[in-house]
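Q: I would like a close look at one part of this model, followed by its surroundings. Please keep the account plain and state the cut-offs.

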Amino acid sequence: MKLSVTKISTFKDCPRKFWYAYNMRILTPKSEGFYFGSAVHEGLEYYYLGKDPMQGVDKSLFGKKANISEEAKEGVDPYKLRKEAKRIFSIYPQQAPYLKPLLVEHIFNVPLIHPETKETLPVVFTGKMDLITEDAKIVDHKTASGSPGSFFEVKNNLQASGYTYAYLRMFGKLPKCFLFNTIIKGNTRREPRFEPNFTKKTIEDCCNFFDICKEVYGALKRKETKDYTNYYHCRFCRFHDICPYDRR
Ligand code: SF4
């Protein structure tokens, strides 16, 4: 079995949502926010590889799509999003934190071993780190239209712990810190801005992350997905149109 932060987080949101996404493999197009986020993300990948970021943005907005999950919902205007991305990248090099890349878009596959007890799960933990810097920071790019809210903070915490765990497995030591490189979109009155948010995870956080993986692995093994729901999440769920348990 393979687990990623997205899979774990989807299961924690609602087990039935996990079933729709990973068992039924139902794909849905991206909202404007996610479509824009992917384009900026691709631009940042190009930027840290020393290439023109707008080439990455254009590839993401106008390039060939592998499936519907890479497309935008009806009504999203890619030309408007391109303009917004251009505003960001015209000031990014001067205003964003200086980061010296060691690895860009690094895919990892690491075994799940408890850092202290050495208990091992028959699971591979997989994911992609946006950036690892030469001075041992893990960087994750986020786009937002305002300051990140508490709903996303829970997910961000899980990601920071999980990626710190993966870094520990890869390099045999903890990273210096985990940096959310948050890019806040501009509007008619204000310029885009950049908010670096640092967090530092410990070995205890890595142990807790292992415990969460163990809990999710156990539930998946017992097939506790399709008929297990979490109504608190319905408001944010992309499957609410087809789910008979929707309680928005
Ligand atoms: S609509 Fe609600 S109950 Fe149904 S899958 Fe989504 S979160 Fe779960």
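Is K118 buried or exposed, and how many other C-beta atoms lie within 10 Å?

A: K118 is exposed, with 7 other C-beta atoms within 10 Å. By the rule used here, a residue is buried if 20 or more other C-beta atoms lie within 10 Å of its own, exposed if 12 or fewer, and partly exposed in between, with C-beta atoms placed from the backbone. The model is predicted: local features need pLDDT of at least 70, side-chain atom pairs count only at pLDDT 80 or more, and totals for chains, interfaces and linings use all residues. Residues are numbered from 1 along each chain as its sequence is written.

K118 is in the loop between β2 (101-113) and β3 (120-133). Helices (H or I, at least four residues) and strands (E, at least two) are DSSP runs, numbered from the N terminus. K118 is not a glycine, yet it has a positive phi of about 70°. T117 also has its place in the loop between β2 and β3, and T117 counts as exposed because it has 9 C-beta neighbours inside 10 Å. The C-alpha atoms of T117 and L179 are separated by 28 Å, and the two residues are 62 residues apart along the chain.

Another positive phi in a residue other than glycine is that of K223, near 55°. K223 is found in the segment after α7 (203-221), and it counts as exposed with 12 C-beta neighbours inside 10 Å.

L3 gives a buried case. It is found in strand β1 and is buried, with 21 other C-beta atoms within 10 Å. Leaving aside neighbours within four places in sequence, L3 is in contact with I8, V123, F125, C213, V216 and Y217; contact means that the C-beta atoms of two residues, placed from the backbone, lie within 7 Å. S4 is in the loop between β1 (2-3) and α1, and with 15 C-beta neighbours inside 10 Å it counts as partly exposed. Not counting residues up to four places away in sequence, S4 touches T126 and G127. S4 and M129 are 125 residues apart in sequence and 12 Å apart in space, C-alpha to C-alpha.

V40 is in contact with A85, I88, T143 and I183, leaving aside its neighbours within four places in sequence.

Next come the two helices α1 and α2. The axes of α1 (residues 5-13) and α2 (residues 15-23) come within 5 Å and cross at roughly 135°. Axes are lines fitted to C-alpha atoms, for helices over the stretch in contact, and angles run from 0 to 180 degrees between N-to-C directions. The two helices are therefore oblique to each other: angles under 35 degrees count as roughly parallel, over 145 as roughly antiparallel, 65 to 115 as roughly perpendicular and the rest as oblique. On the α1 side, K7, T10, F11 and D13 meet P15, K17, F18, A21 and Y22 in α2.
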